[in-house]
Amino acid sequence: MEETTCSVNAETVTEETIDKYADYINPSLANIMRFAGFAEVECCAEGVTVTDYSGNKYLDCLGGYGVFSLGHRHPEVLAAVKDQLDRIPLSSKLFFNKPSADLAETIARITPGRLQFSFFCNSGAEAVEGALKAARMYTGRTEIISTVGGFHGKSMGALSATGRDVYKSPFQPLVPGFIHVPYNDASAVEKVISKNTAAVIVEPVQGEGGIRVPSTDYLPRLRELCTKHGALLIMDEVQTGLGRTGKMFACQHWGVEPDIITMAKALGGGVMPIGAFVGTPEVWDAVFRDNPLMHTSTFGGNELSCRAALAAIEVTEREHLPERAAELGKKFIAGLDEVRTKHPKALHEVRGLGLMIGVEFTHEDIGELVIAGLSRRGVIAAYTLNNPKVIRFEPPLIITEDQIGWVVSAFDESVAEALIMLEGIV
Ligand SMILES: Cc1ncc(COP(=O)(O)O)c(C=O)c1O
């Protein structure tokens, strides 16, 4: 990595970039970031490390909300993308595209059950949009059951499935037909599922809702209920997919086979944006048999993104990253839990699956100070979007045990420091 590019005119680059955010992107965000002590600009990254223009290095325990499972700039993903750049980067759309076909075949092999056909898009929300449309078309029904605290994206359809009012209220009326029930409560689904239900959409581990791992019978019961009522089960694995939780797909922990699975984030190997929804032959037949252009995307399935995804899956399998996530996740959770026992006033719970880990504080303010403390010590972490009492650690799956130990120490120090600052309040 070129050290010099990150230190040239650091102060000017930083100030100018933040000013441009304030003037042309999002003034409030610029203010909040400045105020919270994140007034730095990222310059380059490699493996688990992000470097800012001031030359500060950070261990990336946020991992782009789950994007960087292979770390930053994985050499094999970069090589595949560079090779494709010299051939054809974006699809002409008229002819067949080999990387897209190869990727769909690979995804059919690694996804559970009878999932076989892939539709490629560019983000998680788009994958969810496609899945919802497919469920309505397959069943001819309109209702969708989703969960309180669930996060599925912020486009109109995906937002309708998302379970937090603060992001939805200003945009009402959203897509009609969505019913929200508490997460990890199959009986609540049983009460509302009916012959009008097109699908139940659920995250196998709620991410933005606060890293919530469901009880063992939850997803199997949802599977049973959907089958009984002729509704589809959509598993949103945008955040959990591709090894993050210790299995290639989190639903495999419970042996549950969905009718549609969505994925994005880590699929592009931390180099290219790509999303997909993947369905059974019956679902595809219903959507595309009469009109193969029923659902389309100009950039979806482009050659560059598909080459990145193929390389990402190859590395994930060859280096047994799901197994690594399972093993290291247990150690990470145990380390953080030890810190919890030292500071019971500050920490309510440590939970997670694989390297998708959440720490719930007793008070929102502690989380804010701990995130800032971690950043000062060179660790990037962040809140879960729908639950500000919970911060999450989603490091690259290539993180080492030593690095985990170091993050745990930084966390311990940051919590102790936050408690001193909040003395008399917490
Ligand atoms: C489970 C889940 N679904 C969907 C999305 C939306 O993905 P995107 O931000 O790529 O649209 C997210 C993003 O965090 C997510 O965690």
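Q: Which residue follows α15, and what is its phi?
A: α15 is followed by Gly-378, whose phi is positive, near 90 degrees; helices here are DSSP runs of H or I with at least four residues, strands are E runs of at least two, and both are numbered from the N terminus.

Q: And what sort of model is this?
A: This is a predicted model, in which local features need pLDDT of at least 70 and side-chain atom pairs count only at pLDDT 80 or more, whereas totals for chains, interfaces and linings use all residues. Residues are numbered from 1 along each chain as its sequence is written.

Q: Back to α15: what span should it have?
A: Helix α15 covers residues 364–376, and at 1.5 Å a residue its 13 residues should span 18 Å, which agrees with the 19 Å between its end C-alpha atoms; the expected span is 1.5 Å times one less than the number of residues.

Q: Which of its residues are buried?
A: The buried ones are Ile-366, Gly-367, Leu-369, Val-370, Ile-371, Gly-373, Leu-374 and Ser-375, where buried means that 20 or more other C-beta atoms, placed from the backbone, lie within 10 Å of the residue's own, exposed means 12 or fewer, and partly exposed is in between.

Q: What covers them?
A: The cover includes β12 (356–361), β13, β14 (382–384), β15 (387–393) and α16 (401–421), with contact taken as C-beta atoms, placed from the backbone, within 7 Å.

Q: You mention β13, so what is the strand order in its sheet?
A: β13 belongs to an open sheet of 4 strands with mixed pairing and the order β1-β2-β3-β13. β1 (42–46) and β13 (379–380) stand at the edges with a single partner strand each, so one side of each is left without a neighbour in the sheet.

Q: How many bridges join β1 to β2?
A: There are 4, and the two strands run antiparallel; strands count as paired if DSSP finds at least two bridges between them. Ala-45 stands opposite Val-50 in β2, and Val-50 in turn stands opposite Tyr-58 in β3. Strands β2 (residues 49–52) and β3 (residues 57–60) are also antiparallel, over 3 bridges.

Q: What about the hairpin turns, which glycines have a positive phi?
A: In the hairpin of β1 and β2, with 2 residues between the strands, Gly-47 has a positive phi near 60 degrees, while in the hairpin of β2 and β3, with 4 residues between the strands, the positive phi near 90 degrees belongs to Gly-55.

Q: Changing topic, how many residues surround the ligand?
A: The shell has 15 residues, and the closest are Gly-124, Ala-125, Gly-153, Val-238 and Gln-239; a residue qualifies if its C-beta atom, placed from the backbone, lies within 6 Å of the molecule. Helix α7 (residues 124–139) gives the largest share, 3 residues.

Q: Which peptide bond is cis?
A: The bond from Gln-172 to Pro-173 is cis, with omega near 0 degrees, and Pro-173 lies in the loop between α9 (165–168) and β6 (178–181).

Note on methods: Two residues are in contact if their C-beta atoms, placed from the backbone, lie within 7 Å.
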